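Work through the following exercises with the coordinates open, and try each task before reading its solution.

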Amino acid sequence: MATAVNVSGEKHYDRAAEIKRFDESKMGVKGLVDSGLTTIPPIFIHPTDTLSDLKTKPQSVVVPTIDLSGPRSTVVEQVAAASRTFGFFQIVNHGVPVQVLDRMMGSIRAFHEQPTDVKTKLYTRDLESGVIFLSNFDLFHSKAASWRDTLQIKLGRRLPKLEDIPEVIRDEVVQWNLYSETLGEQLMGLLSEGLGLDMDRLKNTCLDAKLMVGNYYPHCPQPDLTVGIASHSDPGVLTLVLQDHIGGLQIKHKGEWVDVKPVHGALVINIADILQILSNDEYISVEHRVLANPSKEARVSVAVFFNPSAREALHGPFSELISPEKPPRYRQFAHHDYMTRSQALVTAFGPGTADAGNSRIRLPLIPSLVAPVIAPADSLYVTIEATTTEHVDSQERVDEHDNSRKVFVIQGNKEEKKTATTLKDENHYDRAVEVKRFDESKLGVKGLVGSGLTTIPSIFIHPPETLSDLKPKPKSVVIPAINLSGRRLTVVKQVVAASRTFGIFQIVNHGVSVQVLDRMMGSMSSWPMSRPNSIPVRWKAVSDSFPTSTCFTPKPLAGGFLPTPSI
Ligand SMILES: O=C(O)CCC(=O)C(=O)O
Ligand SMILES: [Fe+2]
């Protein structure tokens, strides 16, 4: 990695090449430190807005420590209060012996301190793998890499085969899997009660999908130029962290960074994004980070992430927490879509969206998939007019990025819900049940219309901010239609201009005959009654050779996407 160090002073620093080289070396940050460097390679240097925020002010606020051996009602109250105010708390007297904690920590340290060539055998970016060692899960997405290596192991029912878990941590991981299960159960019970819910409410959704990371933060020679983990919130339900005595974990509380001071024998608990959603914002998932470690001794932490168990099940604010005074703040979503959407955000918006420097692919706090979508006040919707030169007769709206195609919107004012019928029960409208019923009916929207309804079911009613924005204003803007048979230079210019200004355009003279388009359209509207295969197959052949299909998704490179260097 010496080259990377040398590159720092040079003008033509090729970040993509340096990242690749670092990754291919498989040595991790510890390997760099062991090679004796005294300055950090440029790929680890964070942007100035991150660096200028590293110095923390004197703090009077203390993240609460809760004694779990206290009376149940007191503990519930304390857990709920901390989850509402801080989103973080520490627990003591939690039933895990200090020796178990110390052994766990010791084994993770021992894993990272093995000779590099032992660890490189496990170095991979294949997230399906049960045991992964690597540096910076988001190395290829983030603005800057972070000073940390990570070992990740799937827990719960997905615990890898014993022989696949490195021997140096095997017993400890097996034990930690059991302890974290029990602790998770206990905490979910307390958190449910804290919301006034049945004790089992959270436990039933969120227990068996667990993931463990053993983070190793080696000494950093320039801790004011980088971080250990950049600011992020955890995407799952709940996180349990065991940290050693070095310190550096901080949370954002009322706009200020506050230390989570190490307490020997304690465990750190934090609310993650999905629990904030399930609790309809009663509990908060807060941003946190770890500073780069200035100490000569490496910092070690072990985090267990609890995720929703059923990837296909619909999640959303618990119905018991919804009332006229507290309307739902989020849409229903499937965990699977949530994760796909989150990763799509990273791809779509590029480096930085994944929250630079985190141990997994991280997301901006609560991805927009589930957050209410509010159209910017000054945005103007433009109807795409059919062009006369070619056959395009869909009256589509520019607002094609709307999320509602995958996830139903729950918000809608009372009046609107009352007008909705068919799948109803006005007083006890259970959205999850209705969505499920609609899905299981396999009718589709056309089936509903065929049944003769005259008002739309409640599950289709969009929030007021969407509805009040539906009336198109008089418009002078026209979405460009570009003639592909024009001069190449002109076409390129038009495509670039339209992509910059509108992000959408129509094409004519594109080489697909009107007959093919018409047949394609015709086959869609008659499907599946006639010829289910013939036309789509032919269409596929056309679209493979000529790129006119609707959606092109990038193929992931070795674990991520980078902007085209020349841009
Ligand atoms: O290392 C720590 O203390 C926290 C780690 C963390 O925030 C994470 O892995 O998500
Ligand atoms: Fe975290």
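**Exercise 1. Determine which residues coordinate the iron ion (ligand 2), and how these donors are spaced along the chain.**

Solution. Begin by collecting the donors, that is, N, O and S atoms within 2.8 Å of the metal (3.2 Å for Na, K and Ca), and bear in mind that sites may look incomplete, since water is not among the atoms. The search returns His 232 (NE2), Asp 234 (OD) and His 288 (NE2), at 2.1 to 2.3 Å. Written along the chain, these donors follow the spacing H-x1-D-x53-H. Asp 234 sits in the loop between strand E6 (227-232) and strand E7 (238-243), whereas His 288 belongs to strand E11 (residues 288-291), so this pair ties together parts that are 54 residues apart in sequence. Helices (H or I, at least four residues) and strands (E, at least two) are DSSP runs, numbered from the N terminus. Finally, check burial, where buried means under 20% relative accessible area, exposed over 50% and partly exposed in between (1.4 Å probe, protein chains only): both Asp 234 and His 288 are buried.

The model is predicted: local features need pLDDT of at least 70, side-chain atom pairs count only at pLDDT 80 or more, and totals for chains, interfaces and linings use all residues. Residues are numbered from 1 along each chain as its sequence is written, chains are lettered from A and ligands numbered from 1 in the order in which they are written, and side-chain values use heavy atoms, leaving out hydrogens and water.

**Exercise 2. Find which residues have the most contacts inside the largest nonpolar core, and which element gives the most to it.**

Solution. A nonpolar core is a set of buried Ala, Val, Leu, Ile, Met, Phe, Trp, Tyr and Cys residues joined through side-chain atoms within 4.5 Å. The largest has 61 residues, and those with the most contacts inside it are Ile 153, Trp 176, Met 212, Leu 238, Leu 240 and Leu 275. H8 gives the most to this core, with eight residues. Apart from it lies another core, of 17 residues, among them Phe 86 and Val 213.
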